[in-house]
Amino acid sequence: MKKYIRNYITSISIVTVVLGSCLNSYGQDKKQELSIAVGGPFSFLKSNTGDVVPGNGFNAGIRYSYYLNEGLSIGIGAEYQTYSSDVKYGFYGGQYNAVDAENEAFQFRYKATNLREQQKLGYVNIPINIQFETPGATKLYLSAGAKIGFATTGSYESTFQNLTTSGYYPQYNVELFSPAFAGFESQNNLKTSKQDLDTEVSYSATFETGLKQKIGDRSAIYIGLYLDYGLNNIYDNKGSKNLVQYQPELPVQLKYNTVLDASNSNDIRLVSYGLKLRYAIR
């Protein structure tokens with residue numbers, strides 16, 4: 001949570017400085033354009049973990065552009081973007097050495113069927129782009145650039161059709177499936193509480209193309225398609241964790257980690273694409 005607060009303050013500070021500078025000069029040079037935009041609906045975490053079902057998201061932002069000539073401009077802006085994904089497993093299991101409340105060593109085991117994890121993120125992005133457009137009242141435009149994003153929110157929650165936990169004690173050659181207060185039980189339709197998902201700064205390539213229609217002398221409407229593709233891994237799994245984490249204090253309260261902590265999860269990127277609508281004034 002502290003990380004999100006720091007990122008939020010950092011991103012707001014950058015946005016304030018950028019937009020303050022742009023707006024201060026906007027009224028002094030009519031080679032400039034100011035626009036607001038909304039976009040979506042496809043926006044998700046691309047990963048190599050499980051069966052990923054891309055979710056929906058939206059973005060909304062503001063952009064300042066300076067025209068080098070009538071067909072070429074450079075721009076900078078700020079936007080808020082949401083992302084969501086579902087990760088599904090038909091079966092997920094694991095085992096590892098642990099110590100119980102009586103300091104007895106044992107092997108904790110868990111087996112999950114029909115596991116589903118919902119992941120949601122919110123980012124403040126700072127895009128920089130170059131745009132080319134054709135002459136005329138109705139223009140074709142093409143924009144390309146890059147953006148840096150700071151996570152402001154992040155969460156995950158999991159559901160299990162069934163989760164079975166047990167403890168194998170090799171010194172007694174016995175596997176316990178109860179009692180529940182010791183962390184050994186079978187649960188159906190289990191839903192975990194929402195937990196924080198801490199992600200890193202994102203760097204993305206961004207493309208947009210479509211039509212720009214002039215409305216009067218100083219305003220225009222953009223209708224286009226866009227693609228933002230992440231260039232870096234935004235999640236550090238810090239050496240991997242087990243999905244179900246045993247805690248020896250009685251009564252045992254199991255902790256449920258994200259599937260992104262798995263050892264085979266090493267390339268999580270942000271992807272967003274869809275339709276973008278923009279209103280601009282010069």
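Guide: Let us begin with a term: helices (H or I, at least four residues) and strands (E, at least two) are DSSP runs, numbered from the N terminus. This is a predicted model, in which local features need pLDDT of at least 70 and side-chain atom pairs count only at pLDDT 80 or more, while totals for chains, interfaces and linings use all residues. Residues are numbered from 1 along each chain as its sequence is written, and side-chain values use heavy atoms, with hydrogens and water left out.

Visitor: What share of the residues is buried?
Guide: Of the 282 residues, 46% count as buried. Buried means under 20% relative accessible area, exposed means over 50%, and partly exposed lies in between (1.4 Å probe, protein chains only).

Visitor: And how many cavities are there?
Guide: A search of the whole structure finds two cavities of 30 Å³ or more. On a 1 Å grid over the protein atoms alone, a cavity is a set of points where a 1.4 Å probe fits but cannot get out; a pocket is an open set with protein on both sides within 12 Å along at least five of seven lines; lining residues have an atom within 4 Å of a point. Grid points are joined across faces, edges and corners, and a volume is the space filled by probe spheres set on the points.

Visitor: Which residues are closest to the centre of the largest cavity?
Guide: The largest cavity has a volume of about 170 Å³. It is lined by 20 residues, of which Arg63, Glu79, Pro127, Lys276 and Arg278 are the closest to its centre.

Visitor: Which strands supply that lining?
Guide: At least two residues of the lining of the largest cavity come from each of β3 (59-69), β4 (72-99), β5 (105-133), β6 (138-169), β10 (202-215) and β14 (269-281). Strand β3 gives the most, with five residues.

Visitor: What classes do those lining residues fall into?
Guide: In the largest cavity, seven are nonpolar, six polar and seven charged. Here Ala, Val, Leu, Ile, Met, Phe, Trp, Tyr, Cys and Pro count as nonpolar, Asp, Glu, Lys and Arg as charged, and the others, Gly among them, as polar.

Visitor: What lines the second largest cavity?
Guide: Its lining consists of Gln118, Gln119, Lys120, Ser155, Glu157 and Lys194, around a volume of about 30 Å³. By class, that lining has no nonpolar, three polar and three charged residues. Strand β5 provides the largest share, three residues.

Visitor: Where is Asp196?
Guide: Asp196 lies in strand β9 (residues 195-196). Asp196 is partly exposed, with a relative accessible area of 42%. Between Asp196 and Glu157, the C-alpha to C-alpha distance is 9.0 Å, although they are 39 residues apart in sequence.

Visitor: And the lining of the second largest pocket, by class? What is it?
Guide: That lining has ten nonpolar, no polar and three charged residues, and the pocket holds about 190 Å³ of space.

Visitor: Which residues touch the most other members of the largest nonpolar core?
Guide: They are Tyr92, Phe108 and Tyr246, in a core of 24 residues. A nonpolar core is a set of buried Ala, Val, Leu, Ile, Met, Phe, Trp, Tyr and Cys residues joined through side-chain atoms within 4.5 Å. A second, separate core of twelve residues includes Leu45, Tyr156, Ile234 and Tyr235.

Visitor: What is phi for Asn103?
Guide: Phi of Asn103 is near 65 degrees, a positive value in a residue other than glycine. Asn103 is in the loop between β4 and β5 and is exposed, with a relative accessible area of 64%.
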